[in-house]
Amino acid sequence: MMLEVNNLHAYYGKSHILQGVDMKIGAGEVVSLLGRNGVGRSTTVKAIMGEVPPHGSIRFKGTEIAGLPSYKIAHLGLGYVPENRDIFPGLTVRQNLMLGIKNPRHPGKWRLDDMLDMFSNLKARADTAAGVLSGGEKQMLTICRTLMGDPELVMIDEPTEGLAPIIVQQVGDLIAEIARRGVSILLVEQKLSIAMRISHRVYVMGHGQIVFEGTPSELKDNEAIRKEWLEV
Amino acid sequence: MLELIVISSLNGILFGMLLFLMASGLTVIFSMLGVLNFAHASFYMLGAFFGFQISRWVGFWPALVLAPLLAGLIGIAVERYGLRHVHKNGHVAELLFTFGLAFAIEEVVQIIWGKSPVDFRVPAVLDFPAFTIFSTNYPAFKMFMLLVSVVIFLSLLLVLKKTRVGLIVQAALTHPHMVAHLGHNVGRIFMLVFGVGTALAAVAGVIAGPALVTQSNMAALLGPILFVVVVVGGLGSLPGAFIASLMIGLLQTFAVSINTSPASLFGPLDPAWATTWLSDIWNVTVAQVAPVLPYLLLVLVLIFRPMGLLGTRET
């Protein structure tokens, strides 16, 4: 098992945001975490990464990681792409990608040149400041930067938010490609389109807890769940 | 007149570069920790006193290396065992911590070296005039100070722009969480930056000590000017700190050498006014108000451009 989350609680001040989340992700699996805004999806990944103090058990490849500092969690092989597309605006695209490498002496399976070859628009702008990229390009860059660290599981938070449909398609293709190369994925999404297309399993969250677990087709058939927890 | 301009420019640039050695560390530490380190000038003072003491034992040249190293190690310890713990309690606690630290360092320096100036002399090898212009002998030690500051400035730039550590520091200035998520130990980077920043201030202390006065009030004398530099340049902006350092260095050295007063420009006051308080103002020279000028600049910048020359923050 790649990631096992058991009875995870998290708080913002006095607000009890996560109220006992249970979740599992297997090796090579693509799992989506769905739900409306404010139900605790982003908080779940933040708690896993140690950005929000977690209470409960989080095991990554069998190692308990709850309470570890973020950089140690990253070194164990857990990658995180936050929803706000935190590129380093003053650095070039190439420098951004280089900072994704954790240990320059042991580069992973994703090479800088491969990455630039995969995305012609990033290649054309390799030496320009990342701050001037479009929203879609920034999203591609943050995902690629995390991949440079050779993670075994990547958690991607809302990658398609605010992007044009054609770019959403490209981001979806990239995530599918990551999965094809054997990396496990936890995709946090509000929209169903990409999640239903590429996921092996989906979780639906409501009020800080998991309210549904199943395959995309099971979710498609479960109108009650969709109505109560997903549709706006 | 030309003599005045050349000598004042040289002195101004020199003072400016010294300020930058200190301001660079202060502004980078501010960017990372989000708090002004009130004790920064104290590390400049520590540098001067360590430099003085080590010079007595093993000579000036080892002191130039050892004193900043020692001050940097103390800086690292302050961050690791002090600031990092205080950080959890918010910025006010951090501010008070550095404020208290400044007093503590001053007291310790006074206990060890006393209140009067110590005899920190220019090393004999550099105790000669470098060149003579317009009948003024320009001391070689001042040229040496300029050289050290320029070399450090260029190395700092090179490290920040060209090395991996420099890139990580740049990224961590604005996005510390993201840098940690990519697997970099941000705590260690902060500690390193604090150590390098305080060591740079100490370098300024070692080279300024023999040229200026090495005394336990030197931190208190220089600290306020340092804040002016950092605020005028824009909190957190390294290029801003560089420009502001040179600006204030030049402003102060030029101001102290100008003996012009309204009286000398427009002639003496009417005898009817000459006995009133107005005559005091009329006869004040630019040199006399020179110490106030940086603070005047600070006030003007805060009114008209609160984020500083090159800063991006509003506060």
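Figure 1. Two strands count as paired if DSSP finds at least two bridges between them. What do β9(A) and β10(A) form together? They form a hairpin with 2 residues between them, and A:H207 in the turn has a positive phi of about 50°.

A word on reading these legends: residues are numbered from 1 along each chain as its sequence is written, while chains are lettered from A and ligands numbered from 1 in the order in which they are written. Because the model is predicted, local features need pLDDT of at least 70 and side-chain atom pairs count only at pLDDT 80 or more, whereas totals for chains, interfaces and linings use all residues.

**Figure 2. The sheet of 6 strands in chain A.** This open sheet runs in the order β6-β7-β8-β3-β9-β10, with mixed pairing. β6 (78–81) and β10 of chain A stand at the edges with a single partner strand each, so one side of each is left without a neighbour in the sheet. From one strand to the next, the twist averages 20°; axes are lines fitted to C-alpha atoms (for helices, over the stretch in contact), and angles run from 0 to 180 degrees between N-to-C directions. Two parallel pairings are worth a look. β3 (residues 30–34) and β9 (residues 201–206) of chain A pair in the parallel sense over 4 bridges, with A:L33 standing opposite A:Y203 in β9(A). β6(A) and β7 (residues 153–157) of chain A also pair in the parallel sense, over 4 bridges, and here A:L78 stands opposite A:L153 in β7(A).

**Figure 3. The sheet of 4 strands in chain A.** The order in this open sheet is β2-β1-β4-β5, with antiparallel pairing. At its edges stand β2 (15–25) and β5 (63–64) of chain A, each with a single partner strand, so one side of each lacks a neighbour in the sheet. β1 (residues 3–12) and β2(A) pair over 8 bridges in the antiparallel sense. To find your place, look for A:Y11, which stands opposite A:H16 in β2(A).

**Figure 4. Helix α2 of chain B and the residue that follows.** How far apart are the end C-alpha atoms of α2 (residues 40–58) of chain B? They are 27 Å apart, which agrees with the 27 Å that its 19 residues should span at 1.5 Å a residue; the expected span is 1.5 Å times one less than the number of residues. α2(B) is mostly covered, with 15 of its 19 residues buried. A residue is buried if 20 or more other C-beta atoms, placed from the backbone, lie within 10 Å of its own, exposed if 12 or fewer do, and partly exposed in between. After α2(B) comes B:G59, whose phi is positive, near 105°.

**Figure 5. Helices α3 and α4 of chain B where they pack.** α3 (residues 60–86) and α4 (residues 91–113) of chain B pack at an angle of about 140°, with their axes 8 Å apart. On the α3(B) side you will find B:V78, B:G82, B:L83 and B:V86, which meet B:A93, B:E94, B:F97 and B:L101 in α4(B). These residues divide into 6 nonpolar, 1 polar and 1 charged; Ala, Val, Leu, Ile, Met, Phe, Trp, Tyr, Cys and Pro count as nonpolar, Asp, Glu, Lys and Arg as charged, and the others, Gly among them, as polar.

**Figure 6. The side of chain B that touches chain A.** Here 16 residues of chain B are in contact with 20 residues of chain A, contact meaning that the C-beta atoms of two residues, placed from the backbone, lie within 7 Å. α6 (164–174) and α7 (176–181) of chain B each supply at least two residues of this side of chain B. The largest share, 6 residues, comes from α6(B). By type, the residues on this side of chain B divide into 7 nonpolar, 8 polar and 1 charged.
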